[in-house]
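Colleague: I'm new to this one. Could you walk me through it?

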Amino acid sequence: MCVKVIWSAYYNLACYYDNKDNRDSSNYYLKKAKEKYIESNHEHGIMIVQHFEAGNDYYDGNYDSALKKLAIVMVTREKRKEYSNLAYDYSFKGLLYQSKNYYKLALENYIQGFKILDTIKGQEYDKAYFLGHIASMETELGNVAKAIEYEKKSIKIYEQLDYTKQQAFTKTRLANSYT
């Protein structure tokens, strides 16, 4: 049987069991997928498994372990020029630091992700999303004026995209910034 079919099956089973909240089975198949990816020297496969593992570590509260795995993923994404995904990895890294109450590091990572997205056409919704994270971290750091500035930029993008639900949510967050 083709190795590619086997590693894909293992990975898909890991995803299936993860969606069913069966972490033990998910981790079992994730480990099997990783073994096959490593055996085949399949760089992209190894990377997606490591990203999955970092996500599991996050949900388990193992933030330092997640950060280590994510660092490896980010090096691979940079090498492969997967910039849109790399931007989201910076967002994930920001979330990990935010979970550790390291708001300045979280902010730096959200900003880095935004900067990457800002170079990619057609990422307006994602840019607005990142601006919301940046605003939240500025609020946590006591920089309310900066937070308000970022929220307003986010709202402007959502208005241009005619995304009323996101506009309402962001306007509510903006209003809360004034209190």
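Colleague: Let's jump in: is K127 buried or exposed?

Modeller: K127 counts as buried, at 8% relative accessibility. Buried means under 20% relative accessible area, exposed over 50%, and partly exposed in between, with a 1.4 Å probe and protein chains only. Keep in mind that this is a predicted model: local features need pLDDT of at least 70, side-chain atom pairs count only at pLDDT 80 or more, and totals for chains, interfaces and linings use all residues. Residues are numbered from 1 along each chain as its sequence is written, and side-chain values use heavy atoms, with hydrogens and water left out.

Colleague: Which side chain does K127 meet in a salt bridge?

Modeller: That of D118, at 3.5 Å, N to O. A salt bridge here is a side-chain nitrogen of Lys or Arg within 4 Å of a carboxyl oxygen of Asp or Glu. D118 is partly exposed, at 46%.

Colleague: How many salt bridges are there in the structure?

Modeller: The structure holds 16. One of them joins the side chains of D64 and K100 at 2.4 Å. D64 lies in helix α4 and K100 in the loop between α5 and α6, so the pair ties together parts 36 residues apart in sequence. Another is R77 with D89, at 2.5 Å. R77 lies in α4 and D89 in α5, so that pair links parts 12 residues apart in sequence.

Colleague: And R77 and D89, where do they stand on accessibility?

Modeller: R77 is buried, with a relative accessible area of 8%, and D89 counts as buried at 2%.

Colleague: Zooming out, what's the secondary structure?

Modeller: Nine helices and zero strands. Helices (H or I, at least four residues) and strands (E, at least two) are DSSP runs, numbered from the N terminus. Of the chain's 179 residues, 38% count as buried.

Colleague: How do α5 and α6 pack?

Modeller: Helix α5 (residues 83-99) and helix α6 (residues 103-117) pack at an angle of about 170°, with their axes 8 Å apart. Axes are lines fitted to C-alpha atoms, for helices over the stretch in contact, and angles run from 0 to 180 degrees between N-to-C directions. The two are therefore roughly antiparallel to each other; angles under 35 degrees count as roughly parallel, over 145 as roughly antiparallel, 65 to 115 as roughly perpendicular and the rest as oblique.

Colleague: New topic: where does Y163 lie?

Modeller: In the loop between α8 (144-161) and α9 (164-177). Y163 is partly exposed, at 35%.
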